[in-house]
Protein chains: 2
Amino acid sequence: MHSVGKSWLLLTGFILFYIIYLLFGALVFSSIERPVEDKLRHDMDALKQEFLNQSCVNAASLELFLVKVLTANKYGVSVLRNSSATSNWDLASSMFFANTLVTTVGYGHTTPLSDTGKAFSILYALIGVPFTMLVLTACVQRLMFPLVHAPVGLLQRSGMEPRPATAVHFLLLLVFMVLCFFVAPAAVFSTLEVSWSFLDGVYFSFISLCTIGLGDFVPGMQPGQKYRQLYQVSVMVYLFVGLMMMYLLLRTFHKMADLHGLTTFLQLPRCEESDQDEDREPIVESKRDDQTPPYLTDKAASKPLEPGSQPSYNTINKG
Amino acid sequence: MHSVGKSWLLLTGFILFYIIYLLFGALVFSSIERPVEDKLRHDMDALKQEFLNQSCVNAASLELFLVKVLTANKYGVSVLRNSSATSNWDLASSMFFANTLVTTVGYGHTTPLSDTGKAFSILYALIGVPFTMLVLTACVQRLMFPLVHAPVGLLQRSGMEPRPATAVHFLLLLVFMVLCFFVAPAAVFSTLEVSWSFLDGVYFSFISLCTIGLGDFVPGMQPGQKYRQLYQVSVMVYLFVGLMMMYLLLRTFHKMADLHGLTTFLQLPRCEESDQDEDREPIVESKRDDQTPPYLTDKAASKPLEPGSQPSYNTINKG
């Protein structure tokens, strides 16, 4: 049990450090970008006032005005009256931005204005992106038993063959994923965001959880949003858990493709089962036949704690 | 040699299908979005003209005008005079958009305007993202020998120990990557794009190749860009090759971390060597010692063509 405790301690440490890293990023981004944003916002207000004070608006002055308006808008600073109250670089928004950097979603609804901000973004992502992948991998490893190995075992015990069992399990997981991470959030978003339709919600969830992050729909951006900061933190949690589940789904698909001989057909690396925690268990209960390579069964029998020596999808002969 | 030919045929097929898939996406996006964009562009021109014809501009009318301008801008339609000539949904731009979808970079500098476009984006990415991952994986597999296994072997033959050899090789690969995929492109971009500094170029390359894709810097967007379509296709090729190299770098790092016992320490899945093509060769020339688990050396000796049975990083004892 010592290694079990160590394993969970490590995961807790990872998640804690992840949160601290996001908070640290938020503080730095906020302190770098907020003054630049305030200055730009102030300049835009002055520009707008000056434009309004003109006795006559001609095409040239309008063009010049619009160039400045659109440039400021690119950096997330709007000239509209009701949007000037909320900053893109308060603590919650900065944390949201840091989160979109490290998860590689990158909406781009707000982007660093200063050179210092750009340089810091590079440094921050350089450490943050691999670390986030590490945390997601570690979390997925712990979820493989309750969400993949256990249900497949249950299906097998109820009399199913290994291959159909993994296919049925994958389909069930897919339906669960679609309902809980696309349909339900879309319903919530289309309720909370005034201008979003249900399709917009599904589109946002999909574009986000594939880490495409186009940024045409970003929650919590409408002016006068209630509990904006809490909402942004909730969206961050949704993104993290959603990405974790997407990764789990992908890994389960890879394992299933492996078992069905698809990876061999496509000549891709096989999904080696080498989870090294206490949850490790064969995804299918191995019904060994004569064609199983002896070294795999030997390994499984004699070295149960050796990394990479567990019976897995691979112990089942592909037909 | 039959399987060698088949393997390369499959890869060529993948890449051809990838290009066809991008072209298909470009045609569909262009035919869906172009009419909507044209209408919006026309409306914006009319709105601008109407605004200019006002005898007196007041705060309310300016606010209403700006709301519409910024909304159109969100969808990539600018009211500025010199930007109205180029469409975001011509064939090259649509292909560029399709490419940012399937690679999950997602700049968001142009986004679908219509509901049909959004729904098609979801469907298109649903197939395109896994397929792109497949193509990238297949390409990286073929590059592992010339760029990883061969150089590490060379370093070892020159008298280096396996572990330092992999570390030196990784550092060399990293320097090559930084020079060829960050510094050189940044120099090119800062020359071709009027408003980009060198830092902007590095920032764009980094944000793109990490698939963050904020979209504050997108090449080929300035009005009156020469050879715009050729430029966009070149950027697409750069993105594809760059992503492939990033994936190769990540995989090499994973292998090195494996060899240095880092994955065991972090309790992560080990990077199993199971490339199934003719290029497969141990990343380090195995200097077996007594501590090497016998099943690994047996496997390597007796089953040279069995998937997952190759001598690899794992044949070297970690200690």
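Is Val178(A) buried, partly exposed or exposed, and what is its relative accessible area? In this predicted model, Val178(A) has a relative accessible area of 36%. Buried means under 20% and exposed means over 50%. Val178(A) is therefore partly exposed. The residue lies in helix H5 of chain A.

Val178(A) also belongs to a nonpolar surface patch. The patch covers about 570 Å². Helix H5 of chain A spans residues 162-192. This helix supplies six residues of the patch, the largest share.

Chain A also touches chain B. Each chain brings residues to the contact: 79 from chain A and 79 from chain B. Between the two chains, about 6800 Å² is buried. Carbon and sulfur atoms give 68% of that area.

Four salt bridges are found between chain A and chain B. One of the salt bridges joins Asp200(A) to Lys118(B). Their closest N and O atoms are 2.8 Å apart.

Several helices of chain A give two or more residues to the side that touches chain B. Among them are helix H1 (2-53), helix H4 (115-157), helix H6 (198-209) and helix H7 (228-259). The largest share of this side, 13 residues, comes from H4(A).

Terms used: Residues are numbered from 1 along each chain as its sequence is written. Chains are lettered from A and ligands numbered from 1 in the order in which they are written. This is a predicted model: local features need pLDDT of at least 70, side-chain atom pairs count only at pLDDT 80 or more; totals for chains, interfaces and linings use all residues. Side-chain values use heavy atoms; hydrogens and water are left out. Patches are made of residues with over 30% relative accessible area and no salt bridge: like charges are joined within 9 Å, nonpolar side chains (Val, Leu, Ile, Met, Phe, Trp, Tyr) within 5 Å. Accessible areas come from the Shrake-Rupley method with a 1.4 Å probe; for residues, only the protein chains shown count as cover. A salt bridge is a side-chain nitrogen of Lys or Arg within 4 Å of a carboxyl oxygen of Asp or Glu. Helices (H or I, at least four residues) and strands (E, at least two) are DSSP runs, numbered from the N terminus. Buried means under 20% relative accessible area, exposed over 50%, partly exposed in between (1.4 Å probe, protein chains only). Contact means heavy atoms within 4.5 Å. Buried area is the accessible area (1.4 Å probe) that two parts lose on being put together, summed over both.
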